[in-house]
Amino acid sequence: MADLEGNLDAHNYGLDTPQVTGAFPIKGASSLDFGMKHRLARIFKEDGKTVMLAFDHGYFQGPTSGLERVDLGIVPLAPHVDALMGTRGIFRSVIPANSDNAVVLRASAGPSILKELSNEGIGVDISDAVRIDAAAIAVQVFVGGEYETQSVLNLTQQIDAGMEVGIPVLGVTAVGKELTRDARYLRLATRMIAELGAQIVKTYYCEEDFETVTASCPVPIIMAGGKKLPAKDALTMAYNAISQGASGVDMGRNIFQRLAPIAMVQAVSGVVHDGLNPQQALEKYLDLSKGAQD
Ligand code: R5P
């Protein structure tokens, strides 16, 4: 019912207080539109950081160890992470739609592990990303790879599509076997992806000069996990990446292949959000897992 009296009574105009629009805590995102910022803020929490769980491996390599049953291996981890990165097939068939994680949707596709991996195309129409309520879409970019240009154009095409509907793009640096994961390469790949318009970049950690990779990338970098390492090493890598400017992690095997993945994901979150150092995080893992030796 219309409330004319409510309008007449309105008097709280705060005339001596300038309007405040809070600073936006995500790197390089201040000039984006509200919808895109709102989606980014589902992924990155108030501290500007994120714990994203990657379980999209099946899109090119089938049922990876730890992902044979996503309902058993991943769903129990969801309450402990900010964002879930997977394929639309798994989101629709297995992930409960009432989970409150940000959905990061794998949107490039093509070859299996039996073929040349860089030969990808676009695997998801943007309208389906909207339908599935994606907070971001993920596109692999193979800088230096055989189909480099094709993968770059996959990225730019999805960025254009994302701009139309307000969905950010996570550009994923894919390092081929023949390429060195050093700071020089990672600076090149991450900066290219950001310059082409991706709002988030995922990349591997490198032991030397990783801070130059994060410093020269104008948007948030989140660290990829890679093959399973001993828990202490994985937690140290996450700690180093965050200390050197990463805005979060997007880890898969180092979490879901663990003997105690729920304990590990909480230890990783402790590093990202609570400032735990590697030893404190390892103690948390050992404590929560009752001494898992991996
Ligand atoms: C990159 O190719 C995909 O996003 C991977 O499936 C994912 O990044 C792998 O995560 P991790 O290396 O931590 O298992």
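Let me start at one pair of residues, where Met52 stands opposite Ala83 in β2, strands here being DSSP runs of E with at least two residues and helices DSSP runs of H or I with at least four residues, both numbered from the N terminus. What we are looking at is a predicted model, in which local features need pLDDT of at least 70 and side-chain atom pairs count only at pLDDT 80 or more, while totals for chains, interfaces and linings use all residues. Residues are numbered from 1 along each chain as its sequence is written, and side-chain values use heavy atoms, with hydrogens and water left out.

The pair I began with belongs to a parallel pairing of strand β1 (residues 50-54) with β2 over three bridges, and two strands are said to pair if DSSP finds at least two bridges between them. In β2, Ala83 and Met85 point one way, Leu84 and Gly86 point the other way, and all are buried, where buried means under 20% relative accessible area, exposed over 50%, and partly exposed in between, with a 1.4 Å probe and protein chains only. As background, the side chains of a regular strand alternate between the two faces of the sheet.

Moving on to β3, strand β2 (residues 83-86) runs parallel to β3 and is joined to it by four bridges, with Gly86 opposite Leu105. Between them comes helix α5 (residues 88-93), and β2, α5 and β3 together make a right-handed β-α-β unit, right-handed in the sense that, with the strands pointing away from the viewer, the path from the first strand over the helix to the second runs clockwise.

Why is β3 largely enclosed by the rest of the structure? Five of the five residues of this strand (residues 102-106) are buried, so the rest of the structure largely encloses it. Ala102, Val104 and Arg106 point one way from β3, whereas Val103 and Leu105 point the other way, and all are buried.

Now the whole barrel. Eight strands close into it in the order β1-β2-β3-β6-β7-β8-β9-β10, with parallel pairing. From one strand to the next the twist averages 25 degrees, with axes being lines fitted to C-alpha atoms, for helices over the stretch in contact, and angles running from 0 to 180 degrees between N-to-C directions.

Which residues surround the ligand? Among them are Ala54, Asp56, His57, Met85, Arg106, Gln140, Lys202, Gly225 and Gly226, a residue being near a molecule or strand if one of its heavy atoms lies within 4 Å of it. A polar side-chain atom of His57 lies 2.7 Å from an oxygen atom of the ligand, a backbone N or O atom of Gly225 lies 3.4 Å from a ligand oxygen, and a polar backbone atom of Gly226 is 2.8 Å from an oxygen atom of the ligand. Taken alone the ligand exposes 370 Å², of which the protein buries 95%, with accessible areas coming from the Shrake-Rupley method with a 1.4 Å probe and, for residues, only the protein chains shown counting as cover.

Arg106 deserves a separate word, since this residue of strand β3 counts as buried at 5% relative accessibility. Its side chain makes a polar contact of 2.9 Å with the side chain of Asp56 and another, of 3.3 Å, with the side chain of Tyr59; a polar contact is a pair of N or O atoms within 3.5 Å, where within protein one must be able to donate a hydrogen and the other to accept it, and residues adjacent in sequence count only if both atoms are side-chain atoms.

Pro96 lies in the loop between α5 and β3 and is partly exposed, with a relative accessible area of 33%. Asp209, in the loop between β8 and α9 (210-215), has a positive phi of about 65 degrees although it is not a glycine, and it is partly exposed at 39% relative accessible area. Lys290, in the segment after α13 (278-289), likewise has a positive phi, near 60 degrees, in a residue other than glycine, and Lys290 is exposed, with a relative accessible area of 76%.
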